[in-house]
Amino acid sequence: MNSTYLPTEKAKTRALVINALFIALTLVATMFINIKLPIMGNGGLIHLGNVPLFIAAFVYGKKTGAIAGALGMCFADLISPWAAWAPFTFIIVGAMGFLAGLISEKVPGKRELVYTLAVAVALIIKIVGYYFAEVILYGNWIQPIGSIPGNVMQVVIAGIIVVPLAGRLKKRAGQI
């Protein structure tokens, strides 16, 4: 019996482990590293779940970014009082991770600028996506405006943390 792995089996196992790791990191950062703000609407929760989401997208690509964001934050919603948000989170944050990873893979240029562009696109997706999710859930076109500052802060803080580190992390990941 041959105990060595075929290269494709090893790559599949590695991808599975990386995806699972980033799902878990996103879940934990969303649930346990957060601050509740006393502002109107549901914009009163700022968490760091976008940090592992952006690291996954920039270092491992669009598929891992989408999986980490969609599943990590969706699971956080499902096991918290925010379960009604889970389907919206799955789509919105999955799209954020996918497009951030796609931009980081395809757009040429200085990496810090490309990563900043990817964070800006993710921010737009988050603001627009959660605005309409809140309109659907609460049937009010005004109240969701109160959520925008918290969404902006979440993504901007994650960008400030991840953009300077992503290039170094990507080089390190390539060495493993």
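This briefing walks through a handful of features in the structure above, from the annotated spans down to single residues. Keep in mind that the model is predicted. A search of the whole structure turns up one salt bridge, and a nonpolar surface patch of about 630 Å² is there to look at as well. Two asparagines, Asn50 and Asn19, are buried, and each one makes a side-chain polar contact.

**Transmembrane annotation**

- An unreviewed UniProt entry lists residues 15–33, 45–62, 82–102, 114–133 and 145–166 under "transmembrane region".
- Take residues 45–62 from that list: the span is 67% helix and 17% strand, and its end C-alpha atoms lie 26 Å apart.
- For residues 145–166, the figures are 86% helix and 0% strand, with 31 Å between the end C-alpha atoms.

**The salt bridge**

- Glu105 and Lys62 are the partners here, with their side chains meeting at 3.1 Å, N to O.
- The pair ties together distant parts of the chain, since Glu105 sits in helix H4 (residues 86–106) and Lys62 in helix H3 (residues 62–78), 43 residues apart.
- In general terms, side chains of opposite charge can pair when their charged atoms come close.
- Glu105 has a relative accessible area of 37%, so it counts as partly exposed.
- Lys62 is partly exposed too, at 24%.

- You'll find Asn50 in helix H2, which covers residues 50–60.
- Its relative accessible area is 0%, which means that Asn50 is buried.
- The side chain of Asn50 makes a polar contact with the side chain of Gln154, at 3.4 Å.
- Leaving out residues up to four places away in sequence, Asn50 touches Met73, Met96, Lys126, Gln154, Val155 and Ala158.

**Helix H1: Asn19 and Ala20**

- Asn19 belongs to helix H1, and that helix runs over residues 7–32.
- With a relative accessible area of 13%, Asn19 is under the 20% cut-off and therefore counts as buried.
- Thr64 is the polar partner of Asn19, side chain to side chain, at 3.0 Å.
- Asn19 touches Thr64 and Ile67 once residues up to four places away in sequence are set aside.
- Ala20 is in helix H1 as well, but this residue is partly exposed, with a relative accessible area of 42%.
- Ala20 and Ala68 are 48 residues apart in sequence, yet their C-alpha atoms are 7.7 Å apart in space.

**Gly150 in helix H6**

- Gly150 is part of helix H6 (residues 148–175).
- Gly150 is buried because its relative accessible area is 0%.
- Between Gly150 and Ile46 there are 104 residues of sequence separation, but the C-alpha to C-alpha distance is 5.9 Å.

**The nonpolar patch**

- Ile124, Val128, Phe132, Trp141, Ile142 and Ile145 make up this surface patch of about 630 Å².
- One of these, Val128, is located in helix H5 (residues 111–138).
- Val128 has 43% relative accessibility, so it counts as partly exposed.

Conventions:
Residues numbered from 1 in each chain as written. Predicted model: local features only at pLDDT ≥ 70, side-chain atom pairs only at ≥ 80, totals over all residues. Heavy atoms only, no water. UniProt positions renumbered as here; feature names shortened; annotations may be inferred. Helix = DSSP H or I, 4+ residues; strand = E, 2+ residues; numbered from the N terminus. Patch = residues over 30% accessible without salt bridge, like charges linked within 9 Å, V, L, I, M, F, W, Y side chains within 5 Å. Areas by Shrake-Rupley, 256 points an atom, 1.4 Å probe, with all protein chains shown as cover. Salt bridge = Lys/Arg side-chain N within 4 Å of Asp/Glu carboxyl O. Buried < 20%, exposed > 50% of the residue type's maximum accessible area, 1.4 Å probe, protein only. Polar contact = N/O pair within 3.5 Å; in protein donor to acceptor, adjacent residues only side chain to side chain. Contact = heavy atoms within 4.5 Å.
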